[in-house]
Amino acid sequence: MLSVEGIHSYYGKAHILDGLSFQVSRGEVVALLGRNGAGKSTTMKSVMQLVRPRKGKVVFQGTDVVGQSAFRVAKAGIGYVPEERRIFTDLTVMENLEVGRQPKREGAPEWTVEQLFEIFPNLKERRSNRGKHMSGGEQQMLTIARTLMGNPMLLLLDEPSEGIAPVIVEQMAETILKLKAEGLTVMISEQNLHFARAVADRAIIVESGEKKFDGSFADLEAHPEIRDAYLSV
Amino acid sequence: MAFLFAQFLTGLANASSLFLVASGLSLIFGVTRIVNFAHGSFYMLGAFVGVTLMEILPGAVGFWGAILLTGLIVGLFGAIVEMVVLRPIYRAPELFQLVATFGVILVIQDLALMIWGAEDRMGPRAPGLRGVWRIFDEPVPKYDIVIIAITPFILFALWYLITRTRVGILVRAATQDREMVGALGVNQAWLFTGVFALGSALAGWGGALQLPKGGADLLMDFNIIGSVFVVVVIGGMGSLPGAFIAAVLISVLNVLGVTYLPQSTLVLMFVVMAVVLIIRPYGLLGREEVAGEHGQVGAPEAPIRPYGPVGRSLVAALLLVLAVVPFFADRFLMTLLIDMIVFALFAASLHFILGTGGLVSFGHAAFFGGGAYAAALLVFHTGTPMELAFLFAPLAAGLLALGIGWFCIRLTGVYFAMLTLAFSQLVWSLAFQWRSVTRGDDGLVNIWPAPWLNGPVPYYYFTLILGVGGILFLRHVIHSPFGYALRAGRDSPRQAEAMGIDVKRVQYVAFALAGVMAGLAGGIFVFSKGSVFPTELEIGASFDALIVVFLGGVKTLAGGVVGAGFMTVVEDWLTRLEYWRLLLGLVIIAVVIIAPEGIVGSLQTLWRRIRNTGDEEIAR
């Protein structure tokens with residue numbers, strides 16, 4: 001579904017991604033692991049074209065999207081949930097969802113507001129509240145629900161477990177598994193190995209913008225030296 | 001009491017048009033983050049298009065149909081401007097966008113002159129609404145009452161659009177985080193064009209709606225822009241209800257002012273604005289601006305280094321040439337050079353606060369003209385000797401900068417720009433309306449230098465020493481620890497504060513220093529011309545300086561000086577043509593889009609490319 005081929009991304013003159021390649025297949029949940037500053041968020045943004053890779057390809061459903069506007073990438077079927085959540089704080093929950101609404105897409109699970117309220121019951125209670133009056137966990141739920149309103153085929157979740165209470169982290173893991181059951185392809189970036197192992201089928205480890213590991217969690221268990229070298233546990 | 005009520009109604013009627021224009025500006029700013037200086041031009045365009053359509057279309061249906069159509073036409077025109085001029089530069093720094101919209105003002109001015117001629121047009125009376133109605137025995141024009149009745153519907157329609165429709169939700173979302181809206185699959189380009197078209201249409205409607213009360217003339221654009229900014233700043237940028245409240249407030253105050261304080265109508269609204277901003281720095285219903293909130297952080301600035309030996313010898317050679325000019329030049333050339341040096345010092349002082357301080361001041365003419373007026377007033381009223389009066393130019397300008405800076409420095413970005421502009425308008429209106437002291441637009445004349453300086457050659461040297469001295473002094477400050485602190489505050493205010501720099505204080509001092517230097521330029525100016533008029537304080541004068549700094553290159557030290565030289569020569573040549581504004585406007589727009597680094601910046605880039613010494617990439 002998604003094939004990232006040797007991308008180099010920069011912030012100004014700082015070289016963040018150094019020829020990173022990986023693939024994501026339909027229906028799987030992939031975890032992108034690595035330390036702070038390893039390039040996880042930049043990878044997500046580079047797929048989304050919020051950061052334009054200077055070299056390399058991002059092939060989604062057979063088309064290279066490098067150089068396109070972010071909105072075209074979203075229209076093509078990639079949903080992006082940013083690490084900073086970036087909900088519209090002056091808009092109500094319902095209005096936030098409306099911003100994300102896109103027509104139904106062939107080959108992707110379709111979401112309605114009612115279905116999303118089933119998955120995220122808190123949002124239903126707070127449907128008329130403004131974003132700024134919500135807790136961190138609720139904002140995290142809202143930002144995912146908002147992106148799902150676009151009926152994406154592939155969901156990019158940037159650090160979904162960051163900065164929320166442990167109880168909510170558990171809920172979040174259940175939610176991601178529910179999304180997977182609905183047939184959604186998901187890529188999460190994580191620093192929390194336990195969380196990643198609970199939801200993902202496969203792990204990709206990045207460090208200094210390069211891929212250091214790509215394989216199952218069982219493989220990763222078998223090589224504790226990799227874990228020790230690239231992940232802070 | 002009845003009279004007061006009638007006055008209040010007139011104020012409400014005037015508020016309608018002001019609200020339409022201001023809400024358009026507010027809307028455009030909210031989404032695109034562009035302060036559209038050409039907004040007054042769309043208003044003027046609305047008036048002219050409206051007059052023409054009303055002449056063609058007959059009767060009451062024709063009248064209202066013409067107004068409706070005018071908005072659509074102006075909206076379409078706005079959409080074209082957005083696509084051609086603004087689309088390529090959304091990622092450019094704020095100043096570039098502002099300068100580009102200023103280019104649009106010039107283009108529209110000359111287009112209007114070409115199409116409609118220089119004659120003022122009287123607006124037609126609205127059919128069926130010619131007379132007055134008596135309210136508590138006071139006559140109130142029927143048209144006023146109708147407008148007052150219509151305005152709530154317009155407000156409601158706008159409110160409905162913004163709060164209840166998908167488009168409105170997207171607009172509000174984009175106001176906060178347009179990149180995220182894009183990442184959710186919304187084509188921002190069209191959203192921006194749409195909003196710009198709507199905002200322009202509102203300005204066009206404002207222009208057409210006021211026709212029966214006023215008319216159409218070529219000065220409308222600048223005349224309204226001051227009030228519109230005041231309204232938007234008082235109401236809070238991006239807030240429609242705020243714009244409405246402020247429009248009513250300002251219009252009613254204006255009407256009352258005309259009756260009770262006819263000398264102070266222009267000053268009044270700026271006083272109100274100052275009061276509001278002291279209490280609420282972001283306007284009545286505005287939201288606090290957080291820098292960098294919109295992901296609009298540009299490329300980091302290259303550090304500025306003192307000139308190497310080549311640069312130094314070039315500057316020395318130039319100075320040497322300037323020093324020997326009187327031995328061969330005629331009077332005309334010396335006058336031109338004096339103008340150039342004065343302008344260069346003025347531009348350098350703006351460049352100091354803008355380029356080095358990162359504070360985009362839109363009212364820098366207040367200090368130039370303020371200094372000129374301070375010296376001229378002393379000579380004119382008290383016969384103070386020139387030497388003493390001259391000293392008062394920089395002094396008074398510095399004090400003025402301390403006063404204005406006290407209000408402005410606490411704001412940033414566009415709020416700072418708007419507020420400085422409003423204050424310069426305040427100074428201008430003082431010079432324009434306080435006739436007993438300033439003689440209004442008759443200006444102050446016979447302000448000549450002392451005998452020992454009177455004559456082209458001595459005054460040329462006087463200008464050269466003070467002008468070049470001022471510019472070198474500013475350069476020296478930029479390379480001093482104070483200059484480093486200023487630049488640190490520009491590039492990263494938080495980090496600078498964490499290092500113990502009182503950023504606001506440093507900026508305040510820099511603002512005052514820039515004022516002093518502009519005042520010095522004003523002082524030299526007034527004694528070289530022998531007179532001063534309110535035009536030196538106009539918005540146009542501030543913009544001239546901005547354009548010069550921009551043309552020269554904001555990020556380069558010599559930018560202001562080179563731009564001023566370039567501009568003096570070009571204007572001398574261009575103004576001989578009939579439609580020079582159109583040409584200048586197009587040049588400005590072209591520079592913004594094609595060579596945004598300005599003259600000096602582009603030359604530097606070229607030089608670096610020739611010598612192939614581009615900075616190597618910083619490794620992770």
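Glu82(B) counts as buried because its relative accessibility is 0%; buried means under 20% relative accessible area, exposed over 50% and partly exposed in between, with a 1.4 Å probe and protein chains only. The model is predicted, with local features needing pLDDT of at least 70 and side-chain atom pairs pLDDT 80 or more, whereas totals for chains, interfaces and linings use all residues. Residues are numbered from 1 along each chain as its sequence is written, chains are lettered from A and ligands numbered from 1 in the order in which they are written, and side-chain values use heavy atoms, leaving out hydrogens and water.

### Glu82 in chain B

Glu82(B) belongs to helix H3 (residues 59-86) of chain B; helices (H or I, at least four residues) and strands (E, at least two) are DSSP runs numbered from the N terminus. Leaving aside residues up to four places away in sequence, Glu82(B) touches Arg87(B), Tyr90(B), Phe192(B), Thr193(B) and Phe196(B), where contact means heavy atoms within 4.5 Å. With Arg87(B), Glu82(B) also forms a salt bridge, that is, a side-chain nitrogen of Lys or Arg within 4 Å of a carboxyl oxygen of Asp or Glu. Arg87(B) has 30% relative accessibility, so Arg87(B) counts as partly exposed.

### Salt bridges

Side chains of opposite charge can pair when their charged atoms come close. Over all chains, the structure holds 25 salt bridges. The table gives some of them.

| Salt bridge | N to O distance |
|---|---|
| Arg166(B) and Glu98(A) | 2.8 Å |
| Lys180(A) and Asp201(A) | 3.0 Å |
| Glu82(B) and Arg87(B) | 3.7 Å (closest N and O atoms) |

Arg166(B) and Glu98(A) meet in a salt bridge. Arg166(B) lies in helix H6 (residues 166-183) of chain B and Glu98(A) in helix H3 (residues 93-100) of chain A, so this pair joins two chains. Arg166(B) is partly exposed at 27% relative accessibility, whereas Glu98(A) is buried with a relative accessible area of 17%.

Lys180(A) and Asp201(A) meet in a salt bridge. This pair links distant parts of the chain, 21 residues apart: Lys180(A) is in helix H7 (residues 166-181) of chain A, and Asp201(A) is in the loop between helix H8 (193-199) and S9 of chain A. Lys180(A) is partly exposed at 28% relative accessibility, and Asp201(A) is partly exposed at 34%. Elsewhere, a network of salt bridges links Glu28(A), Arg202(A), Lys211(A) and Asp214(A).

### The four-stranded sheet of chain A

In chain A, four strands form an open antiparallel sheet in the order S2-S1-S4-S5. Its edge strands are S2 (14-24) and S5 (63-64) of chain A, each pairing on one side only; two strands pair if DSSP finds at least two bridges between them.

Strand S1 (residues 2-11) of chain A is antiparallel to S2(A), with eight bridges. Ser3(A) has Gln23(A) as its bridge partner in S2(A), and Tyr10(A) stands opposite His15(A). The hairpin of S1(A) and S2(A) has two residues between the strands, and Gly12(A) takes a positive phi near 60 degrees there. S1(A) also runs antiparallel to S4(A), joined by five bridges. In S4(A), the partner of Ser3(A) is Val59(A). Seven of the ten residues of S1(A) are buried, which leaves the strand mostly covered.

Helix H1 (residues 40-48) of chain A lies across S1, S2 and strand S4 (55-60) of chain A, at about 110 degrees to S1(A). Axes are lines fitted to C-alpha atoms, for helices over the stretch in contact, and angles run from 0 to 180 degrees between N-to-C directions.

### The six-stranded sheet of chain A

Chain A has an open sheet of six strands with mixed pairing, in the order S6-S7-S8-S3-S9-S10. Strand S6 (78-81) and strand S10 (210-215) of chain A each have a single partner strand, so one side of each has no neighbour in the sheet. Direction ignored, neighbouring strands of this sheet are turned by 15 degrees against each other on average. H1(A) packs on the sheet as well, touching S3, S6, strand S7 (154-158), strand S8 (185-190) and S9 of chain A, and its direction makes about 150 degrees with that of S7(A).

Strand S3 (residues 29-33) and strand S9 (residues 202-207) of chain A pair in the parallel sense over four bridges. Ala31(A) has Ala203(A) as its bridge partner in S9(A).

### A nonpolar patch on chain B

Leu388(B), Leu391(B), Phe392(B), Leu395(B), Leu399(B) and Leu402(B) make a nonpolar surface patch of about 560 Å². Patches are made of residues with over 30% relative accessible area and no salt bridge, joining like charges within 9 Å and nonpolar side chains (Val, Leu, Ile, Met, Phe, Trp, Tyr) within 5 Å. Accessible areas come from the Shrake-Rupley method with a 1.4 Å probe; for residues, only the protein chains shown count as cover. Leu402(B) is in helix H14 (residues 386-408) of chain B and counts as partly exposed at 35% relative accessibility.
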